[in-house]
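Hi everyone, thanks for making time. Have a look at the model on the screen, and then I'll walk you through a few spots.

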Amino acid sequence: MSQPLPEAQWFWRRLFTWGVTIWILFQLHTLIARLPEGDLRSISERLILLLGSLIAFYLIGPTAEHIIALVRAWRGNQP
């Protein structure tokens, strides 16, 4: 089986990931400054969880080409 081609649109995936990361961090900063102590902990934990999940998906998530190759291999089709 030949190696799949590199992802064609990696730039846009990285740009999206970094943009969302910066937005979430800005939102977290704003919430810390504005919310009372009780609500702050719950919302901050959820935003941090979302940020961690997004970064983890970006780092270890398969590319579209890998997913297609796995589906083709599972179905028995040739690439």
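Let's start with Arg14, which sits in helix 1. When I say helix, I mean a DSSP run of H or I with at least four residues, numbered from the N terminus. Quick background: this is a predicted model, so local features need pLDDT of at least 70 and side-chain atom pairs count only at pLDDT 80 or more, while totals for chains, interfaces and linings use all residues. Residues are numbered from 1 along each chain as its sequence is written, and side-chain values use heavy atoms, with hydrogens and water left out.

Back to Arg14: its relative accessibility is 41%, so it counts as partly exposed. The cut-offs are under 20% relative accessible area for buried, over 50% for exposed, and partly exposed in between, with a 1.4 Å probe and protein chains only.

At 44% relative accessible area, Trp10 is partly exposed.

Now, Thr21 is in helix 1 too. Is Thr21 buried or exposed? It's buried, because its relative accessibility is 6%. And what is Thr21 in contact with, leaving aside its neighbours within four places in sequence? That would be Leu51, Leu54 and Ile55, where contact means heavy atoms within 4.5 Å.

Methods. Helices (H or I, at least four residues) and strands (E, at least two) are DSSP runs, numbered from the N terminus.
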